[in-house]
Amino acid sequence: MSGATWVWGAVASPFLEFAFMRRALVATLALSLSAAPLGVFLTLRRMSLLGDALSHAILPGVAIGFMVSGLSLTAMALGGAIAGLVVAGLAGAVSRFTVLQEDASLAALYLVALALGVTLIARHGTQLDVLHILFGSALGVDNSGLLLVAGVATVSVLALALMYRGLVLETFDPVFMSAHRRSLPPWVWQQGFLVLVVFNLVAGFQTLGTLMAVGLMMLPAVSARLWHATLPAQLLNASVQAALAGVAGLLLSYHLDTPSGPTIIACAGGLYAASLLLAPGGGLARWRSGTRPVP
Amino acid sequence: MTRLPATSQRPPALVVQDLSVRYRQQLALHQVSGHFAQGSLTAVIGANGAGKSTLLKCLAGLVMPERHSRITRAPGLRMAYLPQHSELDRHFPLEVRDCVLMGLWERTGAWGSATSGLLAQVEAALATVGLQGLERRVVGSLSSGQLQRALFARLLVLDADIILLDEPFNAVDRHTTATLLGCVQQWHRQGRTVIAVLHDDAQVLAHFPHTLVLAGECVAWGPTAAALAHAHEARAA
C-alpha cells in the first residue's frame with residue numbers, strides 16, 4: 001500500500017464511511033469557529049478563570065434538565081443556559097457593586113457548582129450519565145445536537161462581528177468608554193459578551209462535555225496570542241488551531257479508540273506546547289534573540 | 001478649526017458647587033466651589049492625595065460626588081478625559097492607528113463607518129503628535145512617551161470642547177512634553193477649555209494662566225501667580 005493511500009485511508013475514510021464521524025466533524029468545526037475567538041477575548045480581559053467558572057456553573061442547570069427529562073438535549077441545554085446566564089449576571093453584579101475580589105468568589109462558586117451538579121446527576125442517573133455530561137461524546141452527536149451547535153455558532157459569530165468595535169474598546173480602555181459615553185452603557189458589552197460565552201459552553205457540552213468545552217475555548221486562544229501581535233490575526237489563528245485540534249482529535253480517538261472530547265483537548269494541548277516552543281512569542285524565539293516577546 | 005474666543009457673555013464651561021467626594025468612607029474632596037470659564041486653561045496642583053485626580057474623575061462623570069454637590073456643564077459642550085496612563089491595557093494587541101481611531105467613538109458609535117473626512121482627521125492628528133510612520137506598530141511596543149503621544153492624537157480626534165488631563169506629562173521625556181504642551185496651547189488658542197493636573201510649578205507658571213491649588217479642599221483658585229503665592233502663604237502659616 002502506497003503512502004498516499006495509507007494517509008487517505010487514515011484521514012478521509014473515517015469521515016466518508018461513518019455519518020456519526022461527519023456529524024462530529026461539523027459540530028467541532030462550528031464550535032472552533034465561534035468558541036475560540038471568544039477565548040481570545042476572555043484571555044485579553046484577564047477572565048480566563050471566568051470561562052472555567054461558567055463551564056462548571058452550567059453543570060447544575062444541565063443536571064436539573066437531566067432530572068426533569070433524562071438525557072434530553074433540549075432540557076439539558078436550556079437548564080445549562082439558564083444556570084450559566086444567572087452566574088454570568090451574578091459575576092458582573094459582584095464586580096460592579098462590591099469590592100470583593102472577583103476571582104476568589106468565582107473559585108468558590110465553581111467548586112460548589114461542580115459538586116452540586118455531579119451530585120444531582122449521580123443521584124438521579126448512572127455513573128455513565130455523569131461521564132457523558134462531564135466529558136461529552138462527540139461521536140454521539142445527533143441531528144438536534146448538530147442543529148444546536150451550528151445555530152449557536154452562527155449566532156455567536158454574527159453577534160461577535162456586531163459587538164467587535166465596542167468590545168475591543170471596552171476591553172482595551174474601559175475608562176475611556178465610560179468617560180466618553182454613547183447611547184449604550186459600557187456594561188452592556190461585557191454582559192453581551194458573557195452571554196455568548198455561556199451559549200458556546202452550552203453548545204460545547206454536547207460534543208466535548210462541560211469540563212472540556214472550556215478547553216477548546218481557552219487553549220487555542222492562549223497559544224494564538226503567542227503567534228501574532230494584532231487581534232484579528234490572533235482571532236483567526238485561534239479558530240484554525242481549534243479546528244486542527246478538532247480534526248486531529250476526532251481521528252485519533254477513532255483510530256486509538258479513546259474518548260473524543262479529552263482527545264480533542266489533548267491535541268489542543270499539543271498545539272499549545274508546540275506554540276510555546278516555536279511561536280515568535282514563545283520560549284525558543286525569546287531564548288535565541290534574547291529580546292522581549294511580541295506582546 | 002476656528003472657534004469663538006472666550007468672552008464674558010458665555011456661561012462658564014463647568015460650574016462646581018459644594019463638591020465633596022468620599023472614597024471608602026474617607027473624604028477625598030471637601031466642599032470645592034468655583035467655575036472654569038469657557039476657553040480657560042487651568043492647572044490643578046497639590047500634594048499627593050490632595051484630591052486632584054478625584055476632581056477630574058468627578059468632572060468626567062466617573063466618580064459620584066456626595067449628594068449635595070453639583071457640577072453643571074454648559075449645554076452642548078462635549079468633554080474629553082485622559083486618565084493617568086496606568087489605567088489602560090498596554091499589552092492589548094492593538095495598532096496605534098486603531099487606538100487613535102477610537103477617538104471617533106462618540107461620533108461613529110459601534111456601527112457607524114468612518115468617512116474619509118474623519119480618517120483624514122486621524123492622519124492629521126498622528127502627524128501633529130509626531131507619530132507618522134508608526135501607525136501600524138502595536139501599542140505595546142511603544143515607549144511611554146510614544147504612547148502618550150498616541151493618546152493625545154486620540155484627544156485631538158475627539159475634538160471636545162472641554163479637555164481634562166490627569167498628569168499628562170508624567171513619565172515622558174522633555175521633547176515629548178514640549179510637543180504635547182504645544183497641543184495644549186493649540187487647544188487654548190482654539191478656545192477650548194483645558195484642565196490639567198500637574199506637578200511642575202515652573203511649568204504651571206510659564207504656560208497655565210489659571211491655577212487651582214488643592215489640599216483635600218480648595219486652597220487657592222485664580223490667576224496662577226496669585227494662586228501660587230496664596231498657596232505658599234497658606235503653607236507657611
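This is a predicted model: local features need pLDDT of at least 70, side-chain atom pairs count only at pLDDT 80 or more; totals for chains, interfaces and linings use all residues.

Modeller: Residues are numbered from 1 along each chain as its sequence is written, with chains lettered from A and ligands numbered from 1 in the order in which they are written.

Biologist: How are α3(A) and α10(A) oriented: roughly parallel or roughly antiparallel?

Modeller: The axes (lines fitted to C-alpha atoms over the stretch in contact, with angles from 0 to 180 degrees between N-to-C directions) of α3 (residues 19–44) and α10 (residues 187–207) of chain A come within 10 Å and cross at roughly 150 degrees. Helices are DSSP runs of H or I with at least four residues, and strands are runs of E with at least two, numbered from the N terminus. Angles over 145 degrees count as roughly antiparallel, so α3(A) and α10(A) are roughly antiparallel.

Biologist: Which element gives the largest share of the side of chain A that touches chain B?

Modeller: In all, 18 residues of chain A are in contact (C-beta atoms, placed from the backbone, within 7 Å) with 22 residues of chain B. Elements giving two or more residues to that side of chain A are α8 (143–172), α9 (174–179) and α12 (231–256). The largest share, five residues, comes from α8(A).

Biologist: Which residue of β9(B) is the bridge partner of H210(B)?

Modeller: Strand β8 (residues 210–214) of chain B runs antiparallel to β9(B), and five bridges join them. In β9(B), the bridge partner of H210(B) is P223(B).

Note on methods:
Angles under 35 degrees count as roughly parallel, over 145 as roughly antiparallel, 65 to 115 as roughly perpendicular and the rest as oblique. Two residues are in contact if their C-beta atoms, placed from the backbone, lie within 7 Å. Two strands pair if DSSP finds at least two bridges between them.
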